[in-house]
Structure formats: structure tokens, C-alpha cells
Amino acid sequence: MRRLVPLAAVTALLLVAAAPASAQTDVGGVVPSMLDLSIDDPRGFASFPRGPGEHELLIGTRITSTANRATLSVVDGDQTSGRRLGHLASSASVLAQPLEARVGSDPFQPLDVSIDPVLAEFGPVARERARIRLRQRIEAGERPRGTYTKTLLITLSSTAP
Amino acid sequence: MYRSKLTLGVVIVAGLAAAQLASAEGPSAPAADAAQAGLSVTPAVIETTARRGASSLATITNSTGRKLRVTVRARPWRQARSGAVAANRRRALRSVRVRSRKFTMASGTSRSVTVRLARVPARRSQYGALEVVGRPVKRRRGINVAYRLISSLRFNPTAGARRLRLGAGSARVTGRGSNRALALRVRNRGNTVDPVGGSVSISGPGGGRSGSISSTRILPGKRINLRLISLSGLRKGRYSASVTLTQAGRNRVGVTRRFRIR
């Protein structure tokens, strides 16, 4: 029994000392391929003041992707074709200029096109931030009327067919 | 006395070991929490062999904090001459069926959908996109945002039906200044999307240059302008390019093309 107590103490020290050594062993695991998109909930563009001008709205996103290359784009969720594609509309009017979007300092891209405008590209990323800047231009002589509504599909896409 | 010391020793061992484990697991736990906080689809590439009735599962998880109305559809790809692909929102991939196409997901829930190849096309393979759209149940005035995730669907041909064939067309100079590059028209005459790569060597009055071609997937039957090599810094004049295209680890096409830098 007298021998047992020091033995327990030595074992304790060995176990404690051995624990950091496990950090040097090979570790690994299987990560399933995935796409994950989170979006902040923006509020705005329901109405516009009279007179020409530019109005902007920020949408924060976070992206997780295991794909070698993935793209972020914004498309009209209400229309796939026609004159209302990419345009804010109320029951009374359709704005003349389309909504535009960009990420970072890239040029704005209109959303009234049938091809998804690619705003940003990513390699494998985890919780990468991307801020989408929406712009609506109101022309001189245009009179925005009513309450505008539009659903936008924030799209995270694998690019390898 | 000795028994109590022994007990104490065992308690210390257990305590220290537990502390070690806790410190090892500590940092990873928040990372796991942070890894998902939106709408996700797993896997990003759904791949199986093209047989009638062949099916695979995709798992959709809603961690957005909002109730979502989810729609899942199989779409064909559109491939641009640059090689970039986008899911065609106006069309459906008719030979592929999705079970549980529309449903509502509460926050914090997961759901698996089955993707099945109902009919094997004549080409013996089928490629497309799986589109997952999640719209918040409540719609309000102004801008409403919805989630759209596009993953790849690959129903590859069986080993016996696999065809790897490429067609090479003319070479052309694209871009200007530092973006000037040589591109080759390449058509995928096979029935797979195995990446096309290879090597290129050019020679002319401005000297020679060689390099490897970045791998690009080309849809069966599609033709793209495959970027071969940068021409930045090369003098004006007539050049010759020797191109070898590889696919699935073998040389498929070897061509020589002449081009001019103006």
C-alpha cells in the first residue's frame, strides 16, 4: 500500500504530461462538403422621397463553402423574365431603373438580366463576410408612388458542374 | 490513512485529466457553433452512377432563426464560353425527380430530400444543379431577402458507358495588356465532366513560353474558350502554340495552332 500511493502520483504526472503529447499525433476527420449562407435582415426600399437621387441599402452575408470555387450573386425572386425583372414595383408603378448590386468596390451590376450577376467569388471559406450593396436610382421627373416590394434571392452557388 | 491518500490521488488524476480534456475541447466547441448559422445544404456535390432509379440524399438545415418555406428543384446548367456555369432558373431537369420538393422548415431543423434519376438519357449521364430556395414565411414591405443554394448533381456514366472525347477548334487571343491570353475552343464530345487540363508551349518572335492549363469542367456537348496561357509581355508577331489536352489522366488531344499578337 505504501508503494501504491507514490505509484498513483507518478501515474498522475505521467497522464498529465502525456496529454499534451497527443497534440503531436496525427489528427484528422471527414468533413462533409457543404454550402451555408446566412443573411442579415435588411429593411428599406419600401418608399422613396420625391426627386432624383440614389438610394443604397446594405445586406450583410456570411458564407461557408467547401467548394474550390463558389460564387455569390443576387437575382430577382419574384420574376424570371419580363419588364418587371430586377425592377422595384408597387401596385401603382414600376421604377424605371433596375436595382443594382455590388460587393466591395466592384462596379454595380443591374439585376434586370437573365444571367445571374456574379458579385464575388470564394475558395473554401468558413463564415466569410460579404456585404452586398444595393442601389436604386430615381430618375429626374420620375414620381415614385405606393409601397414597393421585392424579394431578392441571395445565391451561393457551386461553380463546378 | 493510505486508503484515503490513494483515493485523493485517484481524484487528482481524474480531475487533471478532465481539465486537460476540457481545455482541449474548449476552443473547438464555439467554432462548431459558429460554423452554421444560416441555410445549408450537404453535400455540395451529389454524385452517383447514372442508373435508372439511382438516388442520393441531400440534407438541408435551417439555422437562420426564421421559419422558411423551402423549395427544392433540379435545374439544368447553362455554361458560358468562359466556362462559367449558372443554374437555369427557367427550366427544370426533367429526368431528375426530387422527393419532398416543397416544405416548411422551422428554425433549428434539418430535412433530407431524395434526388432520383427517373430516366437515363441517351448520353448515359446527367449533370445539373440542385437549387434550394428558402423564403421567410412572413413577407413585408420593401426588400425581402431569401436564400438560394446551388449544389452540383452528377449522375456519372457507368464504367462501360464512359466516353472521354475532346474536340479542339481554333485558337484566339483574348483580352488586352496584362489580361491578354491565348484561348482554344474546346468541345466536350464525351459524356463526363472530368476536368480538362493539359500543357501548352508557344514560340515566336517574342521568344517562347510554356505552362500548364488550369483544369476546367466542360458539360457534355458544350464548347468553351479554354484559357491556355497568358500572353502578357510578348511582342507583336506570329506565334505557334503546341497544345496537349488531358482528361482523366491521359492525353486526349494534341494540336498545333498559329495565332497573331497585334
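## A first look at the model

Starting from the N terminus, chain A runs through its elements as α-β-β-β-β-β-β-β-β. That comes to one helix and eight strands, where helices (H or I, at least four residues) and strands (E, at least two) are DSSP runs numbered from the N terminus.

Before going further, a word on conventions: residues are numbered from 1 along each chain as its sequence is written, while chains are lettered from A and ligands numbered from 1 in the order in which they are written. This is a predicted model, in which local features need pLDDT of at least 70, side-chain atom pairs count only at pLDDT 80 or more, and totals for chains, interfaces and linings use all residues.

How confident is the predictor? For the complex, the predictor gives an ipTM of 0.83 and a pTM of 0.82. The mean pLDDT (the predictor's confidence in each residue, from 0 to 100) of chain B is 87, and 86% of its residues reach 70 or more. Over residues 1-36 of chain B, however, pLDDT stays under 50. Where pLDDT is low, the predicted coordinates should not be read in detail.

Back in chain A, 29% of the 161 residues count as buried, that is, with 20 or more other C-beta atoms, placed from the backbone, within 10 Å of their own. Contacts (C-beta atoms, placed from the backbone, within 7 Å) can also be sorted by sequence separation: among those in chain A between residues at least 6 apart, 75% join residues at least 24 apart.

Nine strands form an open, antiparallel sheet in the order β5(A)-β4(A)-β7(A)-β2(A)-β1(A)-β1(B)-β3(B)-β9(B)-β7(B); strands pair if DSSP finds at least two bridges between them. β5 (109-110) of chain A and β7 (96-99) of chain B stand at the edges with a single partner strand each, so one side of each has no neighbour in the sheet. Within chain A, five bridges join the antiparallel strands β1 (residues 35-39) and β2 (residues 53-65), and A:I39 stands opposite A:T61 in β2(A).

Terms used: Two residues are in contact if their C-beta atoms, placed from the backbone, lie within 7 Å. A residue is buried if 20 or more other C-beta atoms lie within 10 Å of its own, exposed if 12 or fewer, and partly exposed in between; C-beta atoms are placed from the backbone.
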